[in-house]
Amino acid sequence: MTEGFSDVRLGAGSVAMIRNRGLIMEIVYVYTKKRSEFGRQCNFSDRPAELHVDILPDPSLAANFIDRDPCDIPIQCTQEMSEHEVNTERIEYETCGINHVEGGWPKDINPQEMEQTIRFRKKVEKDENYVNIIMQLGSHMEHCIRQNNAIDIYQEYFEEEEVVEETEEQPSAKTINVFRDPNEVKRTATSLSWHPDGSRKLAVAYSSLEFQKVTKDMSYDSYIWDIENPNKPEMTLKPVSPLVCLEYNSKDSHILVGGSYNGQIAYWDTRKGSQPVEMSTIEHSHRDPVYKVIWLQSKTGTDFFSASTDGQVLWWDIRKMSEPTERLVLDLTKEGKLENALGAISLEFETTMPTKFMVGTEQGLVVSCNRKAKTPAEKIVCTYSGHHGPIYALQRNPFFPKNFLTVADWTARIWSEDIRESSIMWTRYHTASLSDGCWSPVRPSVFFTVKMDGTLDVWDFLFKQNDPTLSLKVCDEALYSIRVQDNGRFLACGSQLGTATLLEISSGLCTLQKNEKALAAMMFERETKREKILEARHREMRLKERSRSEQSKEDEAKEGEGEESSEELVARIEKEFYEMMEAEMKNRGKVEKKEKELDKEKGVCEEKDS
């Protein structure tokens with residue numbers, strides 16, 4: 001007999017599933033329910049159909065209708081289509097961190113204990129299976145190693161052809177991502193900073209630089225973006241005042257320092273949340289917005305300095321933010337007075353020159369300073385003048401530190417430390433003013449500038465001197481900031497409405513060309529020599545003009561000593577006039593006498609002849 005199931009009702013509301021095993025019936029499941037919960041019992045039965053209503057047609061109603069003859073029915077010969085809209089589901093990414101620890105040890109062994117791990121290794125090494133497995137794997141490993149040594153998998157077979165293709169490629173750039181300010185009231189993206197490890201994150205500082213334009217609804221937050229996720233910031237930084245500048249620490253990628261609109265300095269540790277770890281006190285901070293902060297190369301990696309339009313440069317240590325460790329007032333009279341100080345708006349520090357730094361001012365001057373000077377007056381070494389407005393960008397060439405770039409008013413200029421009178425190279429004057437600029441980290445002859453009309457210009461002075469190699473309209477509003485990634489391929493531009501645009505430039509603009517360093521060095525040297533010759537010529541001409549002016553002053557002084565009064569002058573002129581008249585009368589009398597004598601002689605001669 002086969003095994004099967006059957007259901008048997010066991011009473012009111014009970015059903016049992018019974019398994020048949022031969023003659024034995026075994027109850028497997030029992031379902032129990034009250035009879036009142038089943039509802040009214042349904043009783044079905046078969047019966048014939050019944051006709052309840054039968055409405056016959058009424059011929060009299062036909063008189064109310066008119067037959068349409070002919071009948072025109074339009075028909076489309078095309079297939080009927082329907083339009084539908086579908087919103088795809090957006091996927092939000094989240095970044096999670098994982099700490100990898102050493103595993104594979106038995107539970108009774110602590111990997112941190114050196115003695116236990118050594119004892120366990122010795123025990124395993126004595127096992128015969130371990131030795132056999134190692135011997136088997138050794139032959140396979142030896143075979144793989146020999147394969148790797150036989151062929152260089154990184155060999156470039158067509159290196160020369162690739163170089164030719166890169167040189168012929170047209171300069172270009174394309175937009176990769178756009179990061180927008182998530183707040184309703186838009187603010188300017190005033191500063192950008194790339195994450196030092198891998199550059200997969202971008203820190204953006206947001207603030208409104210327009211005087212008294214800050215509304216109550218305006219947010220103070222700044223953000224850290226993942227460049228692959230433009231939908232949502234990875235982290236929010238919450239300062240007490242809007243951040244004007246923001247900078248990652250190259251030695252510790254978790255730490256950022258920011259300068260606020262109210263002059264305070266704060267630093268964040270991304271492992272500790274959105275709130276600042278520590279801030280400077282208001283009484284020891286800047287009095288104006290902090291426009292630039294730069295980390296210093298120190299053993300601890302905790303030192304940095306800041307610049308503001310209040311005319312001060314302050315040095316800080318994040319381990320003690322209560323007051324600055326050092327202070328410099330940019331007073332060119334070297335008296336140290338804040339009322340005479342120049343407002344600082346940009347900074348430059350080169351790690352290969354640890355004692356030197358440069359400051360760009362609101363007045364269009366570049367101030368070269370020496371931090372290790374003995375007195376505050378000696379810290380200001382010299383100035384470079386050539387701009388008509390605030391210097392928004394100041395950066396040394398990463399390959400030739402003696403040459404530096406400045407961006408201000410309507411031009412960008414390249415300077416040499418040896419020449420203070422004039423820049424050695426400069427761009428033409430643009431119709432729109434320039435707001436920021438920087439060098440390429442991989443090519444010594446390439447630099448970037450952004451303008452107030454939303455245009456990005458890429459300059460390569462080995463290729464063109466008068467016009468940019470590439471000019472790209474990034475957005476309709478003004479661009480305020482630019483920052484290039486360390487590999488030189490990606491760059492970010494910040495706009496007036498808080499939009500950070502990530503761009504990828506073509507390989508030709510981010511790949512070091514053949515002999516580029518030597519050519520750039522020759523051009524810098526040639527232009528420096530030319531400017532030195534012109535400077536010497538101008539100095540010589542100024543000396544000649546000075547000597548001429550001194551000579552003319554001496555002549556005027558001599559003339560001034562011999563000057564006469566008006567009466568004496570009139571009397572002297574009258575005397576000279578009368579003397580001339582008398583001399584003229586005498587000459588006329590002599591002439592008349594001679595004429596009379598000639599007439600007499602003629603008369604005597606005529607008498608003799610007669």
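Q: Serine 241 in this model: buried or exposed?
A: Buried, since its relative accessible area is 6% and the cut-off for buried is under 20%. Keep in mind that this is a predicted model.

Q: Where does serine 241 lie?
A: In the loop between strand E8 (235-237) and strand E9 (243-248).

Q: And what does serine 241 touch, leaving out residues up to four places away in sequence?
A: Tyr220, Ser260, Tyr261 and Asn262.

Q: What does the side chain of serine 241 reach, then?
A: The backbone nitrogen of asparagine 262, at 3.3 Å.

Q: Back to E8. Which open sheet has E8 in its order?
A: The four-stranded one ordered E5-E6-E7-E8, with antiparallel pairing. E8 is an edge strand there, as is strand E5 (188-194), and each of those pairs on one side only. The twist averages 25° from one strand to the next.

Q: How many bridges join E6 to E7?
A: Four, between strand E6 (residues 201-207) and strand E7 (residues 222-226), which run antiparallel. For a specific pair, leucine 202 has tryptophan 225 in E7 as its bridge partner.

Q: OK, new topic. How many residues of strand E18 are buried?
A: Five of its six, so by the under-20% cut-off strand E18 (residues 356-361) is mostly covered.

Q: What does E18 pair with on the E17 side, and over how many bridges?
A: Strand E17 (residues 344-349) pairs with E18 in the antiparallel sense over five bridges. Glutamate 348 stands opposite methionine 358 in E18. The two strands, E17 and E18, form a hairpin with six residues between them.

Q: How do E18 and E19 pair?
A: In the antiparallel sense, over five bridges, with strand E19 covering residues 365-370. There, glycine 360 stands opposite valine 366 in E19.

Q: How many residues lie between E18 and E19 in their hairpin, and what is the phi of glycine 364?
A: Three residues lie between them, and glycine 364 in the turn has a positive phi of about 90°.

Q: One more sheet. What's the order of the open one with E4 and E29?
A: E4-E31-E30-E29, four strands with antiparallel pairing. Strand E4 (173-179) and strand E29 (479-484) are its edge strands, each pairing on one side only. Neighbouring strands in this sheet are turned by 25° against each other on average, direction ignored.

Q: And which residue stands opposite threonine 175?
A: Leucine 503 in E31. E4 and strand E31 (residues 500-505) pair in the antiparallel sense over six bridges.

Definitions and conventions. Residues numbered from 1 in each chain as written. Predicted model: local features only at pLDDT ≥ 70, side-chain atom pairs only at ≥ 80, totals over all residues. Heavy atoms only, no water. Pairing = 2+ DSSP bridges. Axes fitted to C-alpha atoms, helices over the stretch in contact; angles between N-to-C directions. Buried < 20%, exposed > 50% of the residue type's maximum accessible area, 1.4 Å probe, protein only. Polar contact = N/O pair within 3.5 Å; in protein donor to acceptor, adjacent residues only side chain to side chain. Contact = heavy atoms within 4.5 Å.
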